[in-house]
Amino acid sequence: MKNRTFFWFILPSLITMLLFIALPIVSVAVQSLHIEHEAVMIEVENCGPFGCKQELQVDVKKAAKLKKDRPLGQFNGLGTYTNRNHLAFTEIGLAWQSSTGVVDFFSKALNLPFYRALSFTLTYTFVVTPLVIIFGFMIALGVNTLPKRIKGPTIFISLLPMIVTPLIGSLILFWMIDANGILGATLQRIFDDPDLSLKASPALTWIMLMVYGVWHSAPFAFIVFYAGLQTVPADTMEAAMIDGASRWERTRYVVLPHLMPLTVFISLIQLMDNFRVFEPIVSFSAQASATSLSWIIYNDLVGTESQFFGSAGATSVLTIIGVSILLIPVLIRTWRDFNQKVV
């Protein structure tokens, strides 16, 4: 394809990416360098039946004019990134100096909002992602061996967790683990503890959030792997069977290498999705035990009069950087595999 033809071919995609990806990211980055204007106070005299006294009130007119003149807010540079609600350089330095050991330091650091959210986000990502790949692959192998009559209904049932919207799906599981729900009541009877609650323990809350993540995302990995299994060369499989390879050996030495590009693709998608975990935390009302970077952004924006756009922008930029760092090893592997095939 000639350069001119290739340019016109990719131009619509470039324009779309520029308008809906690049420009919003730049806008968020610019907003993260600003903070909300300080309240403009004015001293007024307030008179009542018992006399007059001076009081401070917000000057609404000056505040509105200031917001109109500088809609982005007051320029703060990188101050938002280094404050206590984000990277907290000062607090981390004090924690390191006052800590008696590594465990004590991490305990103090995890009390800071950003690092507490980052710890859950990374734990959720690195636990859910491999489990989704493993369970998705196992389900695909199992469904692929079923008779044709029941294969269709089984595939449909297996996709239901992915079809249900994340918010509704997490709400269903939230009701099920309630003390009056089927899972919560069953566990109380099994352990003979009427006060047992999956919602009361931070550790159990983390586990339930991750269980939901695997339940919701495994169908995506399953359907991708199942489609890939249909492309495994039959001649290669028959040759392996003739050579006496067991089913495990055929899976390990024939199926898995053939599906490796799909595994990389699923890993990329799941890393991006899981690092932005949000809906389960809201549905489970789990913010007391688990918060994520996306939840911090949401929390900064839910207010009507006190929306912290600069803080939300800084967290968004840090989230983008985090996702990029996670994707680098996978992208490097993909690039190396591509170059080996070309050579």
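Me: Buried means under 20% relative accessible area, exposed means over 50%, and partly exposed is in between (1.4 Å probe, protein chains only). Why does Phe105 count as buried?

Reply: Phe105 comes out at 13% relative accessibility, and the cut-off is under 20%, so it's buried. Bear in mind that this is a predicted model, where local features need pLDDT of at least 70, side-chain atom pairs need 80 or more, and totals for chains, interfaces and linings use all residues. Numbering starts from 1 along each chain as its sequence is written, and side-chain values use heavy atoms, leaving out hydrogens and water.

Me: And what makes Phe106 partly exposed?

Reply: Its relative accessible area is 48%. That lies between 20% and 50%, so partly exposed it is.

Me: Why is the pair of Phe105 and Phe106 called edge-to-face?

Reply: Rings of Phe, Tyr and Trp (its six-membered ring) pair if their centres lie within 6.5 Å; planes under 30 degrees apart are stacked, over 60 edge-to-face, the rest tilted. Here the centres are 5.5 Å apart with 65 degrees between the planes, so both tests are passed. Phe105 and Phe106 also form one aromatic cluster with Trp96.

Me: How do you know that Phe120 and Trp206 are edge-to-face?

Reply: Centres 5.0 Å apart and planes at 75 degrees put this pair in that class. Phe120 is in helix 6 and Trp206 in helix 10 (residues 202-229), so the pair ties together parts 86 residues apart in sequence; helices are DSSP runs of H or I, at least four residues, numbered from the N terminus. Phe120 is buried at 0%, while Trp206 is partly exposed at 22%.

Me: What makes a set of 56 residues the largest nonpolar core?

Reply: A nonpolar core is a set of buried Ala, Val, Leu, Ile, Met, Phe, Trp, Tyr and Cys residues joined through side-chain atoms within 4.5 Å. Those with the most contacts inside the 56-residue core are Phe120, Leu209, Phe222, Phe225 and Phe284. Helix 6, helix 10 and helix 12 are among those supplying at least two residues each. Apart from this core lies another of six residues, including Ala88 and Leu112.

Me: What does Phe222 touch?

Reply: Contact means heavy atoms within 4.5 Å. Leaving aside residues up to four places away in sequence, Phe222 touches Gly136, Ile139, Ala140, Val143, Ile155, Ser158 and Leu159.
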